[in-house]
Amino acid sequence: MKQFLSFVKKEFHHILRDKRTMFILLGMPVAQIIIFGFALTNEVKNSKIAVLDYSHDVATTAITQQINASKYFEIKKNIINYKNIEAAFKTGNIKMVVVFPENFYEDLQHFNKAQIQLIADASDPNVANTLTNYATAIIMDYQNRITDERKLPYSIHTEVRMLYNPQLKGAYSFVPGVMAMVLMLVCAMMTALTIVREKETGTMEVLLVSPAQPLKIVVAKAVPYLLLSMINIISILLLSVFVLGVPINGSLLLLLAVSFLFTLTSLALGLLISSATNSQQTAIFIALVGLFLPTVMLSGFMFPIENMPLPLRIISNIVPAKWFYTIVKSVMIKGTGILLIWKEVLVLTGMMLFFLALSIKTFKIRLA
Amino acid sequence: MNENKAITVDKLTKKFGDFTAVDAISFDVNAGEIFGFLGANGAGKTTAMRMLCGLSLPTSGTATVAGFDVYHQTENIKKNIGYMSQKFSLYEDLTVKENINFYAGIYGKSNQFIKEKTSQVIANLHLENEVDKLVKSLPLGWKQKIAFSVSIFHEPEIVFLDEPTGGVDPITRREFWSMIYKAAESGITIFVTTHYMDEAEYCNRVCIMVDGHIKAMDTPPQLKKRYNATSMDEVFLKLARNAERAQAP
């Protein structure tokens with residue numbers, strides 16, 4: 001025990017003395033939450049658009065006003081000729097043009113049918129899609145109002161309710177994602193680095209010649225990072241609740257327990273990397289390509305897994321972050337209890353045990 | 001087993017695939033002796049030493065260290081030996097005191113023992129003002145001396161020194177060797193590898209390895225007499241002239 005404590009104490013000395021690294025480790029989650037929360041968002045606000053109105057009647061004015069009144073759009077300019085549209089896209093920062101043909105209101109009155117053209121800048125497909133959807137929704141809204149006035153015998157109203165995230169906030173999906181990313185980085189990469197560093201400096205040799213058991217060496221190295229990860233989880237959760245307004249609907253205890261499970265999995269992966277390499281560069285490279293990239297790409301937090309081709313969908317199942325992400329999202333946002341996610345928890349536990357066993361087995365007791 | 005033998009080695013062999021790094025070497029080291037293990041780079045010194053320290057499993061042959069078998073009793077061996085590697089083996093971002101406390105801690109020494117011994121070691125090294133300084137701020141020669149003190153801090157029966165004086169200036173090397181003598185006087189057996197031939201003169205007995213074999217083993221005066229040489233350097237050159245694996249240093 002005394003031996004173990006000496007080890008843990010030494011590891012803390014290493015971490016506390018390296019102020020820069022510690023600052024990065026503790027600051028990274030804060031920075032990521034803030035960047036994701038405020039800078040990177042899928043929501044479209046105040047997009048600049050232009051209007052080309054050949055009709056200038058009651059209906060087009062009403063629709064134009066309604067569009068301008070919404071928080072999504074800001075009408076920047078009125079175009080008077082179809083030919084000028086492309087120039088408007090190229091010169092200005094216009095994202096969309098709404099075109100009303102001639103006799104819009106009359107067509108609507110006499111033929112019960114009129115057309116509006118929405119031209120969007122699809123060089124950014126997601127934004128274009130969102131903008132046309134918003135615009136269509138506003139136009140539909142107008143249509144519903146005028147049909148209400150006329151009292152048609154039949155009409156179908158679709159009422160949409162966004163469950164769990166009524167305001168469609170991006171934060172709801174990236175908070176669990178950032179948790180996965182940060183834990184993967186802190187635990188896996190830092191554990192791998194700290195062990196490989198001892199190999200590089202030659203101190204590992206001295207440790208292996210000492211009566212210290214390799215398992216103890218490894219566990220002692222993991223303890224400080226486990227603690228650091230827990231601090232990170234708590235700071236992420238505090239920030240997301242109090243700054244981003246993301247609720248924790250499920251059990252906090254369950255959330256922390258699952259995070260702990262994922263942390264252990266990451267630590268095991270870090271150990272595995274450290275026994276496979278002898279230089280810090282290689283360790284960083286493997287951690288980034290082998291762990292971090294899959295965490296970002298295949299956990300479902302950046303790109304929906306359902307839309308991926310079959311091989312990628314299959315591969316995503318071996319990425320621990322995918323399971324962690326699914327669980328955290330369910331617990332945090334939907335308030336799911338353990339009864340509905342026990343399968344995912346079981347998979348993650350299985351992975352943790354597998355990687356832990358493998359890493360302890362491969363950790364070299366003898367150097368040659 | 002013989003009470004007076006610190007190390008016994010019989011036909012110890014280590015193969016890496018087709019390459020035989022250490023080829024059936026046999027020797028004994030007496031308790032309290034300073035035993036020099038010489039050879040060019042690649043002669044197999046380090047490999048042999050690693051087998052004795054329990055870092056590497058022999059391919060064949062037998063060996064005991066402090067009375068324990070290198071195949072099955074490595075845990076016992078580890079408790080009774082000290083080790084200083086050719087790579088510098090202190091933590092640069094820890095202070096002198098923290099390094100000592102850490103290494104003493106992993107050998108399970110009591111706080112009382114650590115406290116008393118630390119002040120004794122620090123006094124011997126005249127490092128009273130540097131105790132709380134980070135190791136990286138100290139000159140290399142000091143670091144080596146501290147590393148040696150740390151390797152024998154837990155009072156082992158045998159200490160293995162793997163090229164301990166690499167990159168150190170001649171004056172520091174002399175001081176280093178006087179520390180080795182002191183340790184030997186206190187009863188610690190010293191097993192030291194080196195390729196500095198002048199250092200060989202300091203050893204009680206030396207063993208010269210060439211291409212994985214032991215070419216000669218005796219006291220330095222005897223060796224010089226036998227090979228009709230004035231210095232150990234000359235002895236070594238005569239022996240290593242036909243080496244295939246590496247150049248003489």
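**Briefing: chains A and B**

In chain A, residues 24 or more positions apart account for 78% of the contacts with a separation of 6 or more. The model is predicted. Chain A has 14 helices and four strands. Its radius of gyration is 28 Å, well over the 21 Å given by the globule rule for 368 residues, so chain A is more spread out than a compact globule.

**Chain A: extent and burial**

- The C-alpha trace of chain A spans about 95 × 45 × 40 Å along its principal axes.
- Of the 368 residues in chain A, 35% count as buried.

**Chain B: fold and extent**

- Nine helices and 10 strands make up the secondary-structure elements of chain B.
- Chain B is as compact as a globular protein of its length, because its radius of gyration of 18 Å is close to the 18 Å that the globule rule gives for 249 residues.
- Along the principal axes, the C-alpha trace of chain B spans about 50 × 40 × 35 Å.
- Buried residues are 45% of the 249 in chain B.
- In chain B, 71% of the contacts with a separation of 6 or more are between residues 24 or more positions apart.

**The A–B interface**

- Contacts join 22 residues of chain A to 24 residues of chain B.
- On the side of chain A that touches chain B, α1 (2-17) and α8 (203-209) of chain A each supply at least two residues.
- The largest share of that side, eight residues, comes from α1(A).
- By type, the residues of the side of chain A that touches chain B are eight nonpolar, eight polar and six charged.

Terms used
Residues numbered from 1 in each chain as written. Chains lettered and ligands numbered in written order. Predicted model: local features only at pLDDT ≥ 70, side-chain atom pairs only at ≥ 80, totals over all residues. Rg over C-alpha atoms; globule rule 2.2 N^0.38 Å. Buried ≥ 20, exposed ≤ 12 C-beta atoms within 10 Å, placed from the backbone. Contact = placed C-beta atoms within 7 Å. Nonpolar A, V, L, I, M, F, W, Y, C, P; charged D, E, K, R; others polar.
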